Amino acid sequence: MYDVLVVGSANADLTVRVDRRPGAGETVLGTDLVESAGGKGANQAAAAARLGARTALLARVGDDAFGRLLLDAQRDAGTELRHVLVEKGARTGTAMIVVGPDGDNSIVVSPGANAALSPADVTAAREVIAASAVLSLQLEVPPETVRAAVAVAAETGTRVVLNPSPAPGTLDPALLAAADPLVVNEHEARRLSALPDGDPARWAAALRDRGARSVVVTLGGAGALALDADAAEPVAVPGVEVEVVDTTGAGDAFTGALAARLADGAPLTEAARFAVRVGAASVTREGAQPSYPTAAEL
């Protein structure tokens, strides 16, 4: 039925650009506030759909203006929305984003309706999960919901792409064992591997040793490392040099593209090479979903 089913969060991104980030107790002036569609789940769905993958999103939004904004953005991307649930009387999740002059950002998320996405919602979608090639998961919804999705995927044989963000102190062994791959950035890899040194190859190996079926470590402008299930060493995927405008949602662009290419049958390293290009393209424009390329643009 679907190449990629994303179970996860949907947020309205409220973004302001500043000349420099404020320190503690300090006020700085920024640009006009920009409202756009975001949330790790919705971002990954939009990224995959824009690239032509048959993509669906299982998420919850509020019955408010932000919820309508998110639904419109997913329609524009080509995502199937029949599995998005509207939470009556709830506020849609919101992310407050401050973007500095270097394009890097700081983000605070208010979960809103995302907190209501439940294991029962996942169980009700069992047939949809079974009919999907790849199930993409993140950690911006309740952990019991993510665990339920992993359990259903294990029963149905659906491949799981897990992006454990926001990174917990430790990752549930059942989630780790389902990840094929586990997609982590440098901060997440260091924290979850419990290795303090700066060697991404060691982080990837440690995470696979701890149970992940395969691992991808994203390295920002430097590209990524891909460690497949039976590989002796990770493969370095070089970055693409671009002029950075805004890094918001770049990791989600990468993960959505990776899931789409894996669903198409590509090996992990090939999928990572494709995803690096998509992530690089996304940082050349402002915002998260508005920055994601189509296959033709790529």
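# Close-up views of a predicted model

**View 1. β1 and β4, side by side.** Strand β1 (residues 2-7) pairs with strand β4 (residues 55-62) in the parallel sense, over four bridges. If you're looking for a spot to start, find V7, which sits opposite L58 in β4. What you see is a predicted model: local features need pLDDT of at least 70, side-chain atom pairs count only at pLDDT 80 or more, and totals for chains, interfaces and linings use all residues. Residues are numbered from 1 along each chain as its sequence is written, and side-chain values use heavy atoms, leaving out hydrogens and water. A few words on terms: helices (H or I, at least four residues) and strands (E, at least two) are DSSP runs, numbered from the N terminus. Two strands pair if DSSP finds at least two bridges between them.

**View 2. The nine-strand open sheet.** Its strands come in the order β5-β4-β1-β8-β9-β10-β11-β12-β13, and the pairing is mixed. (Axes are lines fitted to C-alpha atoms, for helices over the stretch in contact, and angles run from 0 to 180 degrees between N-to-C directions.)

**View 3. Strand β11 and its partners.** Follow the side chains of β11 (residues 215-218): V215 and V217 point one way, V216 and T218 point the other way, and all are buried. Here buried means under 20% relative accessible area, exposed means over 50%, and partly exposed lies in between (1.4 Å probe, protein chains only). Strand β10 (residues 179-185) runs parallel to β11, joined to it by four bridges; V184 has V217 as its bridge partner. Strand β12 (residues 223-227) runs antiparallel to β11, again with four bridges, and T218 is partnered with A224. The hairpin of β11 and β12 has four residues between the strands, and G220 takes a positive phi near 65 degrees there.

**View 4. Helices α9 and α10 crossing.** The axes of α9 (residues 250-263) and α10 (residues 268-282) come within 8 Å and cross at roughly 145 degrees. This crossing is right-handed; the rule is that a crossing is left-handed if the near helix is turned anticlockwise from the far one by less than a right angle, and right-handed if clockwise. Among the residues that meet here are F254 and L258 of α9, and F274 and V278 of α10, where contact means heavy atoms within 4.5 Å. Sorted by class, the contact has 13 nonpolar, two polar and two charged residues. For that tally, Ala, Val, Leu, Ile, Met, Phe, Trp, Tyr, Cys and Pro count as nonpolar, Asp, Glu, Lys and Arg as charged, and the others, Gly among them, as polar.

**View 5. The four-strand open sheet.** This sheet is mixed too, with the order β3-β2-β6-β7. Its edge strands, β3 (34-38) and β7 (105-110), each pair on one side only. From one strand to the next, the twist averages 25 degrees. Six bridges link β6 (residues 93-99) and β7 in the antiparallel sense, with M96 standing opposite V108 in β7. Look also for helix α2 (residues 65-77), which lies across β2 (11-17), β3 and β6 and runs at about 60 degrees to β3.

**View 6. Some salt bridges.** Side chains of opposite charge can pair when their charged atoms come close. A salt bridge here is a side-chain nitrogen of Lys or Arg within 4 Å of a carboxyl oxygen of Asp or Glu, and the whole structure has 12 of them.

- R20 and E26 meet at 2.5 Å, N to O. R20 is partly exposed at 47% relative accessibility, and E26 is partly exposed at 31%.
- E155 and R126 meet at 3.4 Å, N to O. E155 lies in helix α5 (residues 143-156) and R126 in helix α4 (residues 126-130), so the pair ties together parts that are 29 residues apart in sequence. E155 is exposed at 55%, while R126 is partly exposed at 37%.
- D180 and R159 have their closest N and O atoms 3.6 Å apart. The pair links distant parts of the chain, with D180 in β10 and R159 in strand β9 (residues 159-162), 21 residues apart. Is D180 buried or exposed? At 16% relative accessible area, D180 is buried, while R159 is partly exposed at 26%.
- R60, E87 and D121 are linked in a network of salt bridges.
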